[in-house]
Amino acid sequence: MLSDPVRRHGPALALAAVLGTAGVLHLRRPAIFASLIPRALGDPQPWVLASGVAELACAAALVPPATRRAGGLASAALLVGVFPGNVTMAVRSHRGARHWSRHPVVAWGRLPLQVPLVAWAVAVSRAADRPTGR
C-alpha cells in the first residue's frame, strides 16, 4: 500500500520528472526534435528551445503543491500544443531512418500516447484541488 505522501504527490512528481527530462533533452540535443517542427513555422531551433523551456517551466510548476493546479493545466495545454509536431514527425517517418525516433513504428506509435499524458496532467491538476484532510 502506498503511503499518503506518495499517493498525494507521486503522480505530480513523476509527471514533473517526465517533462523535466524532455525539457533537458530539448535544450541539450535540439537536433533530435528539429524534424518535429512543421516547415510552415520556419526555423525549428527557436521552437525546439521554447518547447524545452516550456517543459521545464511546467515541470517546476508541478513540484510545489501551491502551483500544482496551474502546472497540471499548463502541462496539459503544452502536451496538446505539441501534438501537431508529433503528427509531423509521424508523417515524415520512413523505413531505414538513421535515428530510431524517425522509424514509422515509433513515430506513429507515439501519437496515441499523447492522450494518456494529457489525461495525467489534467488528473494532477484536479487532484491539487482536493483537500488533503489535514
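I started with the nonpolar surface patch, and found that Val24, Leu27, Leu49, Val53 and Leu56 make a patch of about 360 Å². For this entry I noted that a patch is made of residues with over 30% relative accessible area and no salt bridge, where like charges are joined within 9 Å and nonpolar side chains (Val, Leu, Ile, Met, Phe, Trp, Tyr) within 5 Å. A salt bridge is here a side-chain nitrogen of Lys or Arg within 4 Å of a carboxyl oxygen of Asp or Glu, and accessible areas come from the Shrake-Rupley method with a 1.4 Å probe, with only the protein chains shown counting as cover for residues.

I kept in mind that this is a predicted model, in which local features need pLDDT of at least 70 and side-chain atom pairs count only at pLDDT 80 or more, while totals for chains, interfaces and linings use all residues. Residues are numbered from 1 along each chain as its sequence is written, and side-chain values use heavy atoms, with hydrogens and water left out.

Next I asked which helices supply the nonpolar patch: helix H1 (4-28) and helix H3 (44-62) each give at least two residues, and the largest share, 3 residues, comes from H3. Val24 lies in helix H1 and counts as partly exposed because its relative accessibility is 42% (buried means under 20% relative accessible area, exposed over 50%, partly exposed in between, with a 1.4 Å probe and protein chains only).

I then looked at the chain as a whole, which has 6 helices and 0 strands, the elements running α-α-α-α-α-α from the N terminus on. Helices (H or I, at least four residues) and strands (E, at least two) are DSSP runs, numbered from the N terminus. Of the 134 residues, 33% count as buried.

I also looked up Ala14, which is found in helix H1 and is partly exposed at 34% relative accessibility. Ala14 and Leu62 are 48 residues apart in sequence, yet 9.4 Å apart in space, C-alpha to C-alpha.

How do the axes of helix H4 (residues 65-81) and helix H6 (residues 104-129) cross? They come within 7 Å and cross at roughly 165 degrees (axes are lines fitted to C-alpha atoms, for helices over the stretch in contact, with angles from 0 to 180 degrees between N-to-C directions). H4 and H6 are therefore roughly antiparallel to each other, since angles over 145 degrees count as such, under 35 as roughly parallel, 65 to 115 as roughly perpendicular and the rest as oblique.

Last, I found His94 in the loop between helix H5 (83-92) and H6, partly exposed at 41% relative accessibility.
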